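Dear colleague,

I am pleased to hand over the structure shown below. I would ask you to look it over first and then to read the findings that follow.

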Amino acid sequence: MSRFEIVGGKPLRGEIHVSGAKNAALKFIAAALLTDEEVRLRNVPEIEDIKRMIEIIRMLGCTVQHPKPHEYTITASTLKTGALPRELAPKIRASLLLIGPLLVRMGSATLPHPGGCAIGLRPADLFVHGFRKLGAIVEEGVDERTFRTGELRGARFVFPAPSVTATEALMIMAVRTPGRTELVNAAMEPEIPALADFLNQCGTRISGAGTPTITIDGVGRIRGGEVTIMPDRIEAGSFAALAAATGSDLWIRGCNPAHLEVPLLMLEKIGVRFETTSDAIHVVPSGDLQAMNITTHEYPGFPTDLQAPFSVLLTQAKGVSLIHETIFEGRLFYTESLNKMGAKIVLSDQHRAVVEGPTPLRGATLESPDIRAGLALLIAALTANGKSVVGNVYQIDRGYERIEERLRAIGADIKRIE
Ligand code: EPU
C-alpha cells in the first residue's frame, strides 16, 4: 500500500488547477447508459472512483474508449446484463445510479448490498421508496436487492430530507418513465442542474433542477451527446483551506467560485484574505485567523465534504470553534489524528466537535480514513512542522488526481512511497 511522506511547515506559492468534479462525472457516466448512442465526456478526473465506475459499466457490457486523458466515450448499445458486479459495485455509492438505466434498458437491475462505509451508515431506503413509487418492484434478497420494471409510471415523490444521489437516481429513472414525475424537497447541489442540462440536450424534459421541486416528463428515446464536466467545487474549496492554513499565496484556477458562496463567506469571517474572479480564487497570506462555528448543510449551505479541510484550518484560528456535522455520523473521527499532531479538539458526540486554537501542528504518522478527511490530513501535514507520513492513500486517490504532483508544483515537499 502506498503512503505519502510530507515535510510541512512552509508556505506554498503559485497556481493549482482544479480537476473535473468527481461527483458530477460519476453521474454522467451512469446517465450514458440511458441511450444506445455515443456519449462523450470531457474533463473527467483521472481518479480511482472513476476507474471503478468505468470497470463496472464495462462489466455490464458497455463499450468504453479513453482516447486521451480526461476524455471518455461510452456506448451502451452493447449492454448485456442488469446484474451489477458483486465485488465492485458495493465499493462506490454511485453504482446506485445505474439502477434506473438498467431497469429501463434491461428490465431489471440487481445490486449487491453495500458494505460498511467510513463516513456513516449510508442507507438506501430513499432509493427503494422512490423506485417503488415510480412503479418498480423491489425484491430484498439476502445478499442483494433486485429491481424489476413492474408497471412504470410517473409519480410525485417527497423526500423526507434532501439526498443528492437519490435525487439524481430518481431523475435519471424518471426521464424514461411514462408520464410526469415530481421530485419534492429534492437536493439542489450544482451537479444536479448540470446533469439535467446535459440530459435535456439529449432529448429529455426536466425542469426545476437546482430548485427543491424537479418536474420530469418521461420520453421514449434519449440521444447521445457531449459534455464537459464542471470543475470540482470541493477540490477548489479544499485548496483554499490549504492555502489559508499554510499562509500561502496561491491561485486556484479553473474553478467556479459561484458554487462556493458559503465556504468563501466562512473564509472571509475567519479572516482569510482572498479575491475571486469568474474562474479563480487567489488566496494571500492573512493576519490572525478567528474561530468560527461551522454547520454542514445541503447546498447552498456549507458542504459536508469541506468540513474536514476547514476544521484543519480552524486549528490555526484564535478561539473556540464548534463544528456541527449534520449530514453524516462518521465524519469527525479524523479529529483524533489532528490531536496526535497537537490540535486541541474535543469530540462531544458523533456529530459535534469543539476546536480550540490556535495550536501549532507537528508531524505525525496518520492513516487516511476516507476521501475528504484524507485530503484534510494532507493539509494538516503541510501545515505541521516536521515530517508526517499519511497511509492508506488509496482513499485520497479515489477523489484527487495526481495530488502529490500538483502539490509539488506549488512547492510542497511530498513524495509517494510505493
Ligand atoms: N440518506 C438516507 N437514505 C437514503 C439516502 C441518503 O437516509 O436512501 C441520508 C444519508 O445517510 C445522509 C443524508 O441522507 O444522512 C444525505 O446523504 P446524501 O444521500 O445526500 O449523500 P450521497 O448522495 O450518498 C453525495 C456525495 C457525497 C457527499 C454527499 C453530501 C456522491 C457520489 N457522493 O453522497 O460525497 O458527501 O452527497 O453532499 O455524489 C465524497 O465525495 O467523498 C462524498 C462522500
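**Findings**

Pro 193 is found in helix α6, which covers residues 191–201. Please note that the model is a predicted one. Computed from C-alpha to C-alpha in the model, Pro 193 and Gly 208 are 8.1 Å apart in space, while 15 residues separate them in sequence. If neighbours within four places in sequence are left aside, Pro 193 is in contact with Ala 209 and Gly 210.

**The ligand and its surroundings**

Which residues are closest to the ligand? The shell around the ligand consists of 21 residues, and the closest are Asp 125, Ser 163, Thr 165, Asp 305 and Ile 327. Sorted by class, this shell has nine nonpolar, four polar and eight charged residues. Four helices each supply at least two residues of the shell: α1 (22–31), α4 (125–133), α5 (164–174) and α11 (371–383).

Several side chains place polar atoms by oxygen atoms of the ligand. For Thr 165, the distance between a side-chain N or O atom and a ligand oxygen is 2.3 Å. For Lys 27, an N or O atom of the side chain is 2.7 Å from an oxygen atom of the ligand. In the case of Arg 93, a polar side-chain atom lies 2.9 Å from a ligand oxygen. The ligand taken alone exposes 830 Å², of which the protein buries 86%.

**Two helix pairs**

Two packed helices are described by the angle between their axes and by the distance between those axes.

The axes of α1 and helix α2 (residues 48–59) come within 10 Å and cross at roughly 5°. Since angles under 35 degrees count as roughly parallel, α1 is therefore roughly parallel to α2. On the α1 side the contact is made by Lys 22, Ala 25, Leu 26, Ile 29 and Ala 30, and on the α2 side by Asp 49, Ile 50, Met 53, Ile 54 and Ile 57. By class, this contact of α1 with α2 has eight nonpolar residues, two charged residues and no polar ones.

The other pair is formed by helix α8 (residues 261–270) and helix α9 (residues 307–314), whose axes are 12 Å apart and pack at an angle of about 5°. These helices, α8 and α9, are therefore roughly parallel to each other. Pro 263, Met 266, Leu 267 and Ile 270 in α8 meet Phe 310, Leu 313 and Leu 314 in α9. The contact of α8 with α9 has seven nonpolar residues, with no polar and no charged residues.

**Backbone features in loops**

Most residues other than glycine have a negative phi, and most peptide bonds are trans. Where does the model depart from this pattern?

Asn 43, although not a glycine, has a positive phi of about 60°. Asn 43 is placed in the loop between β3 (38–42) and α2.

A cis peptide bond joins Tyr 299 and Pro 300, with omega at about 10°. The loop that holds Pro 300 runs between β17 (294–295) and α9. Another cis peptide bond joins Gly 357 and Pro 358, where omega is about 0°. Pro 358 lies in the loop between β20 (352–357) and β21 (365–367).

With kind regards

Conventions
Residues numbered from 1 in each chain as written. Predicted model: local features only at pLDDT ≥ 70, side-chain atom pairs only at ≥ 80, totals over all residues. Heavy atoms only, no water. Near = heavy atom within 4 Å. Polar contact = N/O pair within 3.5 Å; in protein donor to acceptor, adjacent residues only side chain to side chain. Areas by Shrake-Rupley, 256 points an atom, 1.4 Å probe, with all protein chains shown as cover. Nonpolar A, V, L, I, M, F, W, Y, C, P; charged D, E, K, R; others polar. Axes fitted to C-alpha atoms, helices over the stretch in contact; angles between N-to-C directions. Parallel < 35°, antiparallel > 145°, perpendicular 65-115°, else oblique. Contact = heavy atoms within 4.5 Å.
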